[in-house]
Amino acid sequence: MTHDDITSTAAEARASELIEQAIASAQAGEHEAAIADLAEAERIASEAGVTELVTAARINQGWVYFDHGDMHD
């Protein structure tokens with residue numbers, strides 16, 4: 001395992017953790033915290049090249065905006 005593999009694995013774990021935390025925050029009505037966590041998860045996943053987690057963060061952002069009633073054009 002190379003340093004890049006370890007870094008990517010750590011980034012995947014952190015992005016996944018932030019997504020789960022964001023879901024919990026949204027379910028608790030803390031929409032701003034959820035959006036912030038999802039934006040950070042998207043950034044981390046993007047920098048690590050983990051497109052599946054970038055997509056998951058974006059999908060969940062849409063869900064949080066919808067749940068909060070704050071749809072953007």
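Reply: Being 3 residues apart in helix 1, Glu 17 and Arg 14 are separated by about one helical turn. Helices here are DSSP runs of H or I with at least four residues, strands are E runs of at least two, and both are numbered from the N terminus. The model is predicted: local features need pLDDT of at least 70, side-chain atom pairs count only at pLDDT 80 or more, and totals for chains, interfaces and linings use all residues. Residues are numbered from 1 along each chain as its sequence is written, and side-chain values use heavy atoms, with hydrogens and water left out.

Me: What do the side chains of Glu 17 and Arg 14 form?

Reply: Side chains of opposite charge can pair when their charged atoms come close. A salt bridge requires a side-chain nitrogen of Lys or Arg within 4 Å of a carboxyl oxygen of Asp or Glu. Glu 17 and Arg 14 meet in such a bridge, at 2.3 Å from N to O. Glu 17 is partly exposed at a relative accessible area of 44%, and Arg 14 is partly exposed at 37%. In these terms, buried means under 20% relative accessible area, exposed means over 50%, and partly exposed lies in between (1.4 Å probe, protein chains only).

Me: How many salt bridges does the structure hold?

Reply: The structure holds 4 salt bridges. Another is formed by Arg 43 and Glu 40, with the closest N and O atoms 2.6 Å apart; both residues lie in helix 2, 3 residues apart, about one turn of the helix. Glu 40, Arg 43 and Glu 47 are linked in a network of salt bridges.

Me: Which elements does the pair of Arg 58 and Glu 42 tie together?

Reply: Arg 58 forms a salt bridge with Glu 42, the closest N and O atoms being 2.7 Å apart. Arg 58 lies in helix 3 and Glu 42 in helix 2, so this pair ties together parts 16 residues apart in sequence. Glu 42 is buried, with a relative accessible area of 17%.

Me: Which residues does Gln 61 touch?

Reply: Contact means heavy atoms within 4.5 Å. Leaving aside residues up to four places away in sequence, Gln 61 touches Ile 35, Leu 38, Ala 39 and Glu 42. Gln 61 belongs to helix 3 and is buried at 14% relative accessible area.

Me: Which residues of the largest nonpolar core touch the most other members?

Reply: A nonpolar core is a set of buried Ala, Val, Leu, Ile, Met, Phe, Trp, Tyr and Cys residues joined through side-chain atoms within 4.5 Å. The largest one has 17 residues, of which Ala 15, Ile 19, Ala 41, Ala 45, Leu 53 and Val 64 touch the most other members. Helix 1 (3-27), helix 2 (31-48) and helix 3 (51-68) each give two or more residues to this core.

Me: Is Ile 19 buried or exposed?

Reply: Ile 19, in helix 1, counts as buried at 6% relative accessibility. Its contacts, not counting residues up to four places away in sequence, are Leu 38, Ala 41, Leu 53, Ala 56, Ala 57 and Asn 60.

Me: How many helices and strands does the protein have, and what pLDDT does the protein average?

Reply: The protein has 3 helices and 0 strands, and 33% of its 73 residues count as buried. The predictor's confidence in each residue is its pLDDT, from 0 to 100. The protein averages 90, and 85% of the residues score at least 70. Among the elements, helix 1 has the lowest mean pLDDT (88) and helix 2 the highest (97).
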